[in-house]
Structures are given as structure tokens and as C-alpha cells.
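Reader: I'd like to learn how to read a model like this one, feature by feature. Could you show me the structure and then take my questions in turn?

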Amino acid sequence: MEKRKASITDMTCGSPLKLILAFAIPMLIGTLFQQFYSMVDTVMVGKYLGVNSLAAVGSTGAIFFMVNGFVIGNTAGFAIPVAQKFGAKDYKEMRKFTMNAVYMGIFFSVVLTAVVCLFTKTILIVTNTPTEIMDDAYIYIIIVFAGIPVMYLYNLTASIIRALGDSKTPLYFLVVAALLNIVLDFVSIKFMGLGVAGPAYATVVSQLVSGILCVVYMVKKFHILKLEPGEGALSMSHVKVVLSMGIPMGLQYSITAIGSVILQAAVNGLGAVTVAAVTAGSKISSFCVAVTDALGATMATYCGQNVGAGKLDRVKEGVRVATIIGLIYAALVFIFMIFIGGELPKLFVDASKSDVISQARLFLLCNSGFYFALIFVNVWRNSIQGMGFPMFAILSGVCEMFARGIVGFVGVKYFGFVAACMGSPLAWIVADMFLIPGFMYCIRRLRKVFAEREPVETLKYE
């Protein structure tokens, strides 16, 4: 029997509520820190460099989400077979999947960096980025995209650590990165005069530090990952499984983001003031939805381990518990926004910019009013992914893409800013219409698979 460190959590036994909360809270804190230093970037740019610079950084938001989302989804998918084999107590296969996930992470990081950097300027032009902010937008985003390998380093190592039930360690390293990022933001803008390039460099450097810390921790502390002879070899059978999970999950984020890019292009056409308002509103909203993100990431690991152990009743109970937690939170946030939604945008722009503040408040009210729909998207979709049905992620992403695309192509043209505010809520509702019955199908399919004693490792349930 192999020894496991206390930091590794087996989520296949014990109270689902306690396990989900214990795992999600560090994830939440980590997400909040991540959003916090991203918000600090935006605050410093808006306060020290002005509305146009704020709009420049904000105009790249959808493009960044498309690429960063692919990295996050890709690496989270790579780690799902690791979580399933850990849940099944098959540590030899778990290590093989870990190493092949690393090989694929290196490959994708190189290819994606080359492709994205080559087409960045074209994408900015196609998305209707205003001329007055084009140069700053390009400077900011090309530096961030040059750091794609660093994104892979942190997200893959953190995903593997979480797959083994340890959500605390990535948090600690993320806190270090957040604090470093804030210091570098201030120094680069206030003293070095780097403009929008400063926060971009700060983001890359801080994420590099957190990634290196994750690697060192895994090597020194996770003896369960110590390779035995033959386990570190490139295996096409393992690569196939890793890719079957990672590519669909990465594409799900990117396909979803295509709709966001279309919507961003429509917003860009409304002028710098509106872009600044949406930027401020989006940053605040991202901070507020950290709970839904944490619950979603938690359920991917929880469901992955329990499917590996063949415990479908625990999967259903966990999803129910996570959904209830999320719905309570969504209601509280909406009430909060009703009362102070007009004050939060003042963190990003001067109080005299009443036009930016009023538009940002409307954006926040529209989005927070539909966070209940986002709860189902994050919890149920991540659960489906953890259960081993990657194609459902792509299909739900397509639903979101079409919804945002329709708003971007048609809604904004006829209804202006109000339509832009409703782009994401409509996308969440459309995705829910697919995901809720989809989850029920996945449960039924898995029951049939287990009854027929088919191997879970094939991950071909669709």
C-alpha cells in the first residue's frame, strides 16, 4: 500500500457538504486573489493612465478570455483522468496520466503561443478596437500572450494538485503571486513609466513564480507521484485519453469566448466610454462570480474521484449540495448590487465620470440578476466534465456562443448598451437548457456503463 500525504483528500467518502466546502473555500480564496490582482491591474490603469488606457486593456478582455479559457479548460481536462485514477486507487495509471498530461501541456503551450502571437493584431482589428486605443491594446495583450507557456505551467500543475484533493497549496502560491503582481503593477506604472505594458509584465512574472512554486512542491511533497520504472514514458493510449478530455474542455471555453469576442466587438463600436464601463463592470462581476467558479472547479474533482470509485449516488448528492450553496449566494449578491452597484465602478474611474459609472451600474444589475443561471452552468457543466463526458462541454459552449453572437450581431445594433448588458445572462440561460437534461443523461449512461462493467478509463460514454 502506498503512503499518501495528509494534504491529499479522498473525496469518495464522508459528508459531501463538508468535503465540497472544505475543498471549495481554498479554491474561492484563490480565485478571489486572482481576480483581486486582475482588478488591481485595472484600477491602477484607470486611475493613473486614464479612461483610454482603461478602455485599451478592457478591449482585449474577450480575446484574453478566449485564450486563457482554453488553457484553463485544457489543463483541467488533462487532470480529470488523474482524479479518476486516484479515486479508483490505481496509482500506477495515475502517474502515467500525470506524465502524459505534462507532455501535452508542453506541446500545446508552444503551438498556442506561436499561433496566437501571429494573429493578435488581426484579431484586434477584426474586433473593431477603436483607433485611439489600438496601440495600447496591442502592447498589453501581446506581452500577456507571450507568457502563454507560463499560463500552462501554473494551471497544469495546480490542476494536478487539485485532482489529488489538495486545493489549499495552489491557493498559497496564488497569494504569493497576487501580492507580487500588485507590487510590480505599482512599481511599473508609478515609477518605471511602462504604461499598459507594466501590468502585462507583472501578470506574466507573478504567474511564473506561482507555477515554479507548484512544481517544487509537487516534487518535494507528493511522494505518490514519484515515478517507477516505465511510468514516465510517452504513451499514445494515455495521450489519447488525456486529449479526449483536455481538447473538448479547452474548446468549450474558447467556443464560449468566440461569442464574447463578437459581443466585445459590438461594445467596442459603441465608443471608449462604453468600453470603459463594460471593463469596470466585468472586473467587478468577475470578482463576484468567484464563488461559482470555485464551486465548479470543486465539482470537477469531486465528480471525477467519485466516478472513478463508481459512486454515482454521491455524485448526484454533491451536485445538489453545490447548487443549493450557489443559489443562496446568487440571491445575496443581487440584493447587494441593488444597493451599492453604483458605488463599485468608482474604484476604477473618477467619481466625475458619471456616464461611465451609470452604464457600469446597469451592467452589474443585469448580470447579477441572472447569477442563478450561472450557478447551473458552472456547477453542472464542471460536474459533467468530471464524470467523463467532454463533448457536452463543447455543446454547451456552442449554446453560449450562439446566444452571445446573436446579441452582438443583432441585439446591440437595435437596442444598444442594454442588449450588451444582457449578452451573458442570455448565454447562461441557453446553456442551462442544454446542461440540465444533459446531466440527467450522463447519470443514466454511467449507470448502464457500470452495470455492464465497462472500463471507466476509456471515457467514451457519449
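Predicted model: local features only at pLDDT ≥ 70, side-chain atom pairs only at ≥ 80, totals over all residues.

Reader: Is Arg314 buried or exposed?

Author: The general idea is a cut-off on relative accessible area: buried means under 20%, exposed over 50%, and partly exposed in between, with a 1.4 Å probe and protein chains only. Arg314 has 16% relative accessibility, so it counts as buried.

Reader: Which residues is Arg314 in contact with, leaving aside its neighbours within four places in sequence?

Author: Contact means heavy atoms within 4.5 Å. With those neighbours set aside, Arg314 touches Met11, Thr12, Cys13, Gly14, Pro16, Leu19, Tyr302 and Asn306.

Reader: Now charges. How many salt bridges does the structure hold?

Author: Side chains of opposite charge can pair when their charged atoms come close. The criterion is a side-chain nitrogen of Lys or Arg within 4 Å of a carboxyl oxygen of Asp or Glu. The structure holds nine such bridges. One of them joins Arg447 and Asp313, whose closest N and O atoms are 3.0 Å apart. Arg447 belongs to helix H17 (residues 423-451) and Asp313 to helix H12 (residues 312-340), so this pair ties together parts 134 residues apart in sequence. Arg447 is partly exposed at 38% relative accessibility, while Asp313 is exposed at 56%.

Reader: Which parts does the salt bridge of Glu231 and Lys92 tie together?

Author: The two side chains meet at 3.5 Å, N to O. Glu231 is in the loop between H8 and helix H9 (236-268) and Lys92 is in helix H4 (residues 91-126), so the bridge connects parts 139 residues apart in sequence. Glu231 is buried, with a relative accessible area of 0%, whereas Lys92 is partly exposed at 38%.

Reader: How do helix H14 and helix H15 pack?

Author: To describe packing, axes are lines fitted to C-alpha atoms, for helices over the stretch in contact, and angles run from 0 to 180 degrees between N-to-C directions. Angles under 35 degrees count as roughly parallel, over 145 as roughly antiparallel, 65 to 115 as roughly perpendicular and the rest as oblique. H14 (residues 371-387) and H15 (residues 390-415) pack at about 150°, with axes 9 Å apart, and are therefore roughly antiparallel. Val377, Arg381, Ile384 and Gln385 in H14 meet Phe392, Ala393, Ser396, Gly397 and Glu400 in H15.

Reader: And which side chains meet in a salt bridge at 2.8 Å, N to O?

Author: Those are Glu400 and Arg381. The pair links helix H15 to helix H14, 19 residues apart, and both residues are buried. Elsewhere, salt bridges that share partners join Lys92, Arg95, Glu228 and Glu231 into one network.

Methods:
Residues numbered from 1 in each chain as written. Heavy atoms only, no water. Helix = DSSP H or I, 4+ residues; strand = E, 2+ residues; numbered from the N terminus.
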